[in-house]
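Please look over the sequence and the model shown here before reading on.

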Amino acid sequence: MSANPNPTGNPSAHFEANPASAANGTSQPPPAENQEKRKREYKDFEHTSEKASHAKVDMSAIQLTAEDLYDKEKVDLETIEVDDVLQLLQCNEHGLSHEEAERRLQIFGPNKLEEKSQNAFLQFLSFMWNPLSWVMEAAAVVAIILSNGQGSPPDWEDFVGIVALLFANSAIGFYEERNAGNAVKALMDALAPKAKVRRDGGWVEMESAYLVPGDIVAFKIGDIVPADCRLLEAINVSIDQAALTGESLPQSKKVGDECFSGSTCKQGEAEGVVISTGPNTFFGRAASLVGQDDDSTGHLQRILAYIGSFCLVTIGIFVIAEIFVLYAGFRYQYRRGLNNILVLLIGGIPIAMPTVLSVTLAVGATQLAKHKAIVTRITAIEELAGVTILCSDKTGTLTTNKLTIDRSTIKTFSRFSADEVILFAAYASRTENQDAIDSAVVSALGDVKLAREGIKLLDFKPFNPVDKRTEITYREESSGKLKRVSKGMTGIIMDLCTRDKTEEQEDKVEKDVEEYASRGLRALAVAYEEVSGDDPEAPGNGFELIGLLSIFDPPRDDTKQTIDEAMSLGVKVKMVTGDQLAIAKETGRRLGLGDHMYPAKVLKDGPGPDSKFATLDAMIMDADGFAGVFPEHKYEIVKRLQALGHLTAMTGDGANDAPALSRANVGIAVEGATDAARGAADIVLTEPGLSTIVHAIRQSRIIFQRMRNYSIYACAVTIRIVVCFAVLAFTYKFDFPPFMILVVALLNDGTIMTLSLDRVLPSHSPDSWNLAEIFAYAIAYGLYLTASTVALIVVIVETNFFERKFGVTLNDPSRNNGTLIDKNDPQLHMIAYLQVAIISQALIFVTRAHSFFFMERPSFALLGAFAVAQLVSSIIAAYGDWGFTNIHSISGGWIGIIWVWNIIWFIPLDWIKFAMRATVIKTLHERAQRRMAQEIAASAGGAPLAPSPSRVQSIHESLYSNRTSFLRRTMRRFNIGNKVSVKPEELSRFSSIQAQRAGTTLARHPSRASVHRGVPISRPLSKPPA
């Protein structure tokens, strides 16, 4: 093979591509002068390199097992000499035998991830495993078993109603999860289905799943690399791994380099030895990185945990009080006391809360789809409303991932204009089968036909890794003259030029290249000469440098506006890219993000001794972005931001973004993303650019307001039911029928479902669940509504006001000293039912409005549902003579009295809201601001911003997860074998394109962050762009 004149391992086809040197203000020391003139160094890139090393342990002590071969403490197959790799894998260039391959297949497993199946029945039951459901299940047990005594039959009506509610909620949750879908099929389809492998000394084609470490594989242009391998032979090999590294150009590979499974061969052909398969590849290790937080509780589940606990504590207090008062004080019989307790259990638990919120989110997902955003995890909508930081990948997300000529920075060095320089460069470019550079140059013309218009091509020399330039010889049709143009790496073109080259020109070129590098732009030099005669092979009059073109990956058209809008909504945007630091800074400046960018190494080393930051967390918060990051760096950044109390969103388009997309509260895959990114994301955009994200944020905040309004309502109703009927039981021994509370709950939930379509205004800052505020409002509303019911019952029991004024009566109107004797009159029960049903539902119009309830028009769906529910409630009151429960219909007069009574009590509800806002809520906000100021001060002193949750809190939150984590842990104990298995929803977070690194590798070898993964046999290789 030819010697490579580019010892830096340059991944670019036409130019050097690392502006780190100039960006960091460093320069290469000049070599010794040659005669009188020093050799110019036109270097855009500064590379670190690491020589290939031998294994540092006795290789005879390493067994052919996954435990030994993939233990980085013993040996690193990715960096040691290829000869050592062959020795450790006990193979040679002639490949393995079929028998040996079969034996290794048993040792290492197939070259794919195992899918862990999930029992559908257990998955359905898991939705009944949370404290809210436990209380309703306990109520069902009370109704069917414990109440079966003292000559009374089981309470079948309440039992059936409770069970129906439980199954309805579980069915909705189960349906949504089973139909959320996963990308397992896409994953398997995207894997290289066939591989060319040498077995028994001959080449055969087989499914890539049967590859094992030690196999010799071959691939050529257009093939997908079937497994992680080290190259044994390489002829002009260029590998596209942009989806892994975020680098916009294919990477040149040579003997000894490593190729990653799932990357695509763009040029040349190669043979390599497989070093890792299946779960031991970068992809497999990244899968474990994504799945490691499997048992964590989602944000919405945590909120439900606190709301549920509020309701449980409220119910528990009054159930215990009823047990003591009714049984110990009033000497109630067993069955009578249980009915009163059932009222509190059924009426106090917002059992429909998960269902109502799920429907609200599902409707919101449908609305987001109209904005070209597909939601794959509906709870992400709620979290998107509270996102405070948006971390975005650069390549393909903020930028187009398509190289472009930057016309504003073109440098000319001859009589030709900038447009003419571009035209000459286009002449020296392919018009078909283009690489990235040729495509960028020809696209700058606007019309590809111009690249061959007016000329006759006589000879074309395409790019090759040795010459590192292209060259065209053509005849100009207008003059008939022969001319020649060459474009390529600056140093190569300058060495080629002999005409009109002066010391001043070389100084200027060197300065211009450094300027490009400092701005993250990549230089492409263009030279021109004329040829005498008609022989295209004849030498010309000498090449003359005519211009420098700068090439960059431009921002999308709408990116800057999107970032500005996101910031106006209170969302801080941070760039997290695998590209070079100078490129990241230039992109940040163009987008208005700022240029406070830091290299990935600070995530390991922390702030320097001279840094103004005391902690790494403070540096991350200040940063506008990070450059040169690997997948585990992105993951770590997101994780740290979350630990600081921020809800974090992550956008990306490549497989290298998959772990961070999965870890983020909201992962967003942009249009054109890989299967890996789409599978890991919670929201998938189907329209180019990030503008859809702004629509999604606004829409999510609308949805959040709907959920907040319902949460206040649900907690208020819990207070209202529990306190109201406990007080009535204590004062009048009032035994309200449990079945009627079930009717109230059903009618309320039916109405509240329409909140998913309600008209609300989005907030201008990130939303958050201020639970203290929600509970404060709920207590105030609940106690006020309790007073409205208790006051009505007191007036009816203690006076005959309504009988005298309106001529209404009860079944047994007899009184003793003006007090109603039968305080459990069936009609009195019906009066209490109707009053509770009407004003409880009306409360939603107060909780949904920021001002007076009539100032913000609700949706027609909510108004219609409320009207229907009130009509049904009134009809039940007028005609509900049901023998199985202790109620009796009431006259139209009573119905009218109750309506007027509720209207009178409803009007002051707005004033209660305003009074709370001016007193209690204001105090809560001031306390929160003081706490935030203390946390900021603590952060400045180096203390962590957010305390770690206690074990009690963690257990408390995990109880509300919709999955039985204890069941998963039990099942794992019976898992036989050492194969890595991944659940379908985890597999859906990836495609065949491999993630570059696993977090475990960085944890063991943190210094590897700055070391190239593939090392040639005899020559150091530089670090690749990340």
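Is Gln-90 buried, partly exposed or exposed, given its relative accessible area? Gln-90 is partly exposed, because its relative accessible area is 46%, which lies between the limits for buried (under 20%) and exposed (over 50%), taken with a 1.4 Å probe and protein chains only. This is a predicted model, in which local features need pLDDT of at least 70 and side-chain atom pairs count only at pLDDT 80 or more, while totals for chains, interfaces and linings use all residues. Residues are numbered from 1 along each chain as its sequence is written, and side-chain values use heavy atoms, leaving out hydrogens and water.

**Loop residues with positive phi**
- Although Gln-90 is not a glycine, its phi is positive, at about 55°, and the residue sits in the loop between helix H3 (82-88) and helix H4 (98-108), helices being DSSP runs of H or I with at least four residues, numbered from the N terminus.
- Arg-331, also a residue other than glycine, has a positive phi near 55°; Arg-331 is found in the loop between helix H11 (299-329) and helix H12 (334-348), and counts as exposed at 62% relative accessibility.

**Helix H32**
- The 20 residues of helix H32 (residues 860-879) should span 28 Å at 1.5 Å a residue, in agreement with end C-alpha atoms that are 28 Å apart; the expected span is 1.5 Å times one less than the number of residues.
- Among the buried residues of H32 are Leu-862, Phe-866 and Ile-876.
- The buried residues of H32 fall within an arc of 165° seen down its axis, so they line one face of the helix, the arc being that of the directions from the helix axis to the C-beta atoms.
- Exposed residues Phe-860, Val-868, Leu-871 and Tyr-879 are carried on the face of H32 turned away from its buried side.
- Helix H28 (738-752), helix H31 (826-847) and helix H33 (892-906) are what the buried residues of H32 pack against, with contact meaning heavy atoms within 4.5 Å.

Terms used. Helix = DSSP H or I, 4+ residues; strand = E, 2+ residues; numbered from the N terminus.
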